Amino acid sequence: MVKIAPSLLSADFADLKNQIAAAEHAGADWLHLDIMDGHFVPNISFGPPVIKALRKHTKLPFDTHLMIENPDRYLEAFHAAGADILTVHYEACTHLHRTISRIQELGMKAGVSINPATSVTALSEIMPYVDLVLIMSVNPGFGGQKFIPTSTEKLRQTADIIKQKKPEIHLEVDGGIDDTTAAAVVKAGANVLVAGNYVFGQGNIAESIATLKRIVV
């Protein structure tokens, strides 16, 4: 079953409580939380205090994506705030296996993400240890970007490695997901779709989520 994970980066920050409620009521499976530090990516979003404040307003899993330098410094803080899944970037971790192990020791699911310019072969050694792989189909840092077409083949390659290494891993894709790209990425092997601008920026959260769900059935 394909999961839809609306990204709060594109939501109305002045109305997050109600926007989350609308997404949950519409059938969202996870909520994707993009954490940006202004260093690893050229933007700043929000951190543990916001997650902690939102946690009491929904039972949906918090799919927390750390686009930050030195993520090891904050693993405990995100766990305490209520993150259920914590994904770090391959490019940001000097000792990736150690980081993944610590996330799981804290009781969270552990994910690893790669940027568009990073080859999927970089994931081969860490694949048996993670619960999720996130393929960035845009350069991270901003919402509303166009899908990079070569990401479809990248997803296909990643799906093949997952089948060999650990078939139960979730394969997530983030960037430019909408009603024109969803079918192709699912066909390529993705089973978690992050959609920000398409869900929160079109004026009708329920209709956007329903459309994505119809496409990926």
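Tutor: Let us begin with the largest nonpolar core, which holds 63 residues. Val133 and Leu193 touch the most other members of this core. The model is predicted: local features need pLDDT of at least 70 and side-chain atom pairs count only at pLDDT 80 or more, while totals for chains, interfaces and linings use all residues. Residues are numbered from 1 along each chain as its sequence is written, and side-chain values use heavy atoms, with hydrogens and water left out.

Student: What makes a set of residues a nonpolar core?

Tutor: The members must be buried Ala, Val, Leu, Ile, Met, Phe, Trp, Tyr or Cys residues, joined through side-chain atoms within 4.5 Å. Buried means under 20% relative accessible area, exposed means over 50%, and partly exposed lies in between, with a 1.4 Å probe and protein chains only. In soluble globular proteins, nonpolar side chains tend to be buried together.

Student: Which residues does Leu193 touch, not counting residues up to four places away in sequence?

Tutor: Contact means heavy atoms within 4.5 Å. By that rule Leu193 touches Val2, Lys3, Ile4, Ala5, Val173, Ile177, Ala182, Val185, Val186 and Val216.

Student: Why is Thr158 called buried?

Tutor: Thr158 has 0% relative accessibility, and the limit is under 20%, so Thr158 counts as buried. Thr158 lies in helix H5 (residues 151–165). Leaving out residues up to four places away in sequence, Thr158 touches Val120, Leu123, Met127, Val133, Ile135 and Leu171.

Student: Ile161 is also in helix H5. Why is Ile161 given the term buried?

Tutor: The relative accessible area of Ile161 is 15%, which is under 20%, and therefore Ile161 is buried. Beyond its neighbours within four places in sequence, Ile161 is in contact with Val120 and Met127. Ile161 and His79 are 82 residues apart in sequence, and their C-alpha atoms are 29 Å apart in space.

Student: What makes Asp179 partly exposed?

Tutor: Asp179 has a relative accessible area of 41%, between the limits of 20% and 50%, and is therefore partly exposed. Asp179 is placed in the loop between strand E7 (170–174) and helix H6 (182–188). Not counting residues up to four places away in sequence, Asp179 touches Tyr198, Thr211, Leu212 and Ile215. From Asp179 to Ile209 the separation is 30 residues in sequence and 9.8 Å in space, C-alpha to C-alpha.

Student: Why is Asn70 also given the term partly exposed?

Tutor: With a relative accessible area of 43%, Asn70 falls between 20% and 50%, so the term applies. The loop between strand E3 (62–67) and helix H3 (75–81) contains Asn70. Asn70 has a positive phi of about 50 degrees although it is not a glycine.

Student: Why are Thr121 and Glu207 called exposed?

Tutor: Thr121 has a relative accessible area of 57%, which is over 50%, so Thr121 is exposed. Thr121 is in the loop between strand E5 (109–114) and strand E6 (132–136). For Glu207 the value is 52%, also over 50%, and therefore Glu207 is exposed.

Student: How do you know that the radius of gyration agrees with a compact globule?

Tutor: The radius is taken over C-alpha atoms, and the globule rule is 2.2 Å times the number of residues to the power 0.38. For 217 residues a compact globule would be near 17 Å; the protein has 16 Å, so the two agree. The C-alpha trace spans about 40 × 35 × 30 Å along its principal axes. Buried residues make up 54% of the 217 residues. Among contacts between residues at least 6 apart in sequence, 64% join residues at least 24 apart.

Key. Helix = DSSP H or I, 4+ residues; strand = E, 2+ residues; numbered from the N terminus.
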